[in-house]
Amino acid sequence: MGIEQKLGNMGIITTSLEKAVNWSRTRAMWPLLSGLACCAIEMMAAEASHYDMSRFGMELMRASPRQSDLLIVAGRVSRKMAPVIRRLYDQLPDPKWAIAMGDCASSGGVFNNYAIVQGVDEIIPIDVYIAGCPPRPEGLIHGILTLYEKVEREKITDWK
Amino acid sequence: MDEKLKNAIQAIRKDYDVDKLTFRGEYSMLVSPENVVDICRQLRDDFGFNMLSSLTAVDYWPANEPRFHVVYQLYSTENNITLRLRVQVPGENPKIPTIEKLYPNANWHERELWDMFGIQVDGHSDLRRILMPADWEGHPLRKDYPLGYEEVQFSFNAEEIDKKKPYVKE
Amino acid sequence: MVQLQEVTFDELKHLVSDRALTGETMLLNMGPQHPSTHGVLRLMLELDGEIIVNCVPDIGFLHTGVEKNMEAKRYEQAEVMTDRLDYLNTIGNNLAYCLAVEKLVELDVPPRAQVIRVILAELQRIASHLIWLGTQSLDLAAMSMFLYCFREREIILDIFESVSGQRMMTTYIRPGGIWRDVSGEFVQLVQDFLEYFPKRIEQYEGLLTKNPLFIDRVKGIGVISAEEAIAQGFTGPSLRGSGVAYDNRKVRPYSGYEEYDFEVPTATGGDVFARYRVRMDEFWQSLRIIEQGLKKLKELDGAPVRSSNHKFVPPPRSEIGTSMEALIHHFKLWTEGFNAPKGYVYVPVASPRGELGVYLESDGSNKPYRIHWRTPSFVHLQALPFLSKGHLIADLVAIIGSVDIVLGDSDR
């Protein structure tokens, strides 16, 4: 791995707790298996063979919010669905993150009408917004990597 | 015009006082609400219109008498003919009888009529809202119901609108 | 802060049997967030042990207000909404909408555009069936099928991207033709796909059709007879699985489908396996249509792809610099759109799921007065209680997959 030259014969490396924990959080972030609309299909495509999100330690999508760290809001959120999304987010154990995938989840997109919540940030706090209608799978992967960068910058004082 | 469709329209027009409308080769009949069940039954049993393709309504607000047209799209799989019934419904206390007993798939379509247009369906087995939440106020597809337009943010008014947005705080 | 609304049991009491009131049967909530409901579908299940006594679907979690929103937009603007209805059949939705507008304003479509429309619609049908196959087998624990199907789907999406620039929401078909002519590599890409895909279908058949684990899960499950299917309003593969050879491409042809030689596959049995069989056979028929389409496309090389009626279709960019009339048409169309005559039409097309009908009414202005989408998923979902009663809860997953619902399609 290249790391062993630096370890010496003690098998110890020194780093800050902040860095070590943040690193480990990014390497096994399990998203919630929950899709809403068109973007969910692209999310499935990102998981599937061609784009293969498991290269980034994300192949394990959990169907239960109790077992996941990341909520990908993939698609438009209707007024009827909004309480459900909020409850799903509340059920995620801390630390938790949320991604608004696509224009509809970020801002309402083309649906500026009575039925759609104009941006899912009205109901849950969002870490990363991904543009596109729907975003390409590369876009989603980029969004997740951006979230990793954000997580790696988190301070020990902000931990939950 | 198909011979069988012609027969069906003639038979209905003989028994009931209905108007025939034609547009782009499609045939519609203007029917009053009290006759619609009988006409549907006759069309289904005698002329083979065994499938209800679509059931919807049109709101002609601010016209009030009639305000709504309920549109039934009937189709016959054997004869490959299609016929549309338009039922005029007034704006005050709008009401149509159910055709659920004749066409089982009318159930949800009629629930949608109630949900989206506020048209009461008499005799319906389960008239609840279908698409909107149960506690929703108003009937969205009525023409006097606003679209719910939210102002678009540009660089000159972005901050102003941002202040009004109900962002959630952690 | 959004509050969860309280639903009292009294409102739903008439939907369940008396045994639920005494606690003899159990009420179980499935969804809206559930991996096997293919979207945000909520089912209230009444269970006797593991057997479904009653199933009450609750839809609307993806209600988007598309119909109302389209009424507020001009005819050419409203088309972007159609893509997002049934997001596995975007080209088919564009096609249905454009056919309705063309019928309303009596607009002719050049033959080359017709052929391209048919080729793309059939590719979309294959792509949609691939998603169905992948998710249906994933629900029945055949994980690898999901990965294979998405691999093939990427090839089709690449073709869409090469012609329109977008993978899913193409808005490529426009009233009076298509957006622009296909790119030079289009024919080669489709040809490659035609050579590549048959081998894959055989692989799928090998993995599933004779697989006893799969057969046990799908045979004799969710049976519906032909008469009941028609009464329930079934169309498309779900109806053909009950033995009725009804297909809008045959009985009410559009876009020149009458010139193509293809069969309407049917199966008897009316169960999940029959619907599976029909869709697998449709792969071959779609390939046949695409092959014939490519031949026609070669004959029509260089022909126009947009109608020359510039009252409704914008003139090409090259004409705007030289022709005053073209400039005026261009300006008029992009500032106020076109006015459609007063009237109403209903146009049904065959989407991969069934009959997709557009009821379009105009009041003479430049916006649709009323547009209603008769969507197959809405009708098929309604029959779910009928199909699932008496089956095990594990079979419900197979039944939901077999009627191939898309919640964006049913909730609009």
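1. H6(C) and H13(C) are roughly antiparallel (angle over 145 degrees). The model is predicted, with local features needing pLDDT of at least 70, side-chain atom pairs counting only at pLDDT 80 or more, and totals for chains, interfaces and linings using all residues. Residues are numbered from 1 along each chain as written, chains are lettered from A and ligands numbered from 1 in written order, and side-chain values use heavy atoms, without hydrogens and water.

2. Helix H6 spans residues 111-139 of chain C; its axis and that of H13(C) come within 9 Å and cross at roughly 155°. Axes are lines fitted to C-alpha atoms over the stretch in contact, with angles from 0 to 180 degrees between N-to-C directions. The crossing is left-handed, meaning the near helix is turned anticlockwise from the far one by less than a right angle. The H6(C)–H13(C) contact residues divide into 18 nonpolar, four polar and six charged.

3. Helix H8 (residues 186-208) of chain C also packs on H13 (residues 272-299) of chain C: the axes come within 11 Å and cross at roughly 165°. That makes H8(C) roughly antiparallel to H13(C). H8(C) passes H13(C) in a left-handed crossing.

4. Chain B puts 18 residues in contact with 14 residues of chain A (heavy atoms within 4.5 Å). About 1400 Å² is buried between them, 56% of it from carbon and sulfur atoms; this is accessible area (1.4 Å probe) lost on being put together, summed over both parts.

5. How many salt bridges cross the interface of chain B and chain A? The rule (side-chain nitrogen of Lys or Arg within 4 Å of a carboxyl oxygen of Asp or Glu) finds zero.

Conventions
Helix = DSSP H or I, 4+ residues; strand = E, 2+ residues; numbered from the N terminus. Parallel < 35°, antiparallel > 145°, perpendicular 65-115°, else oblique. Buried area = accessible area lost by both parts, 1.4 Å probe. Nonpolar A, V, L, I, M, F, W, Y, C, P; charged D, E, K, R; others polar.
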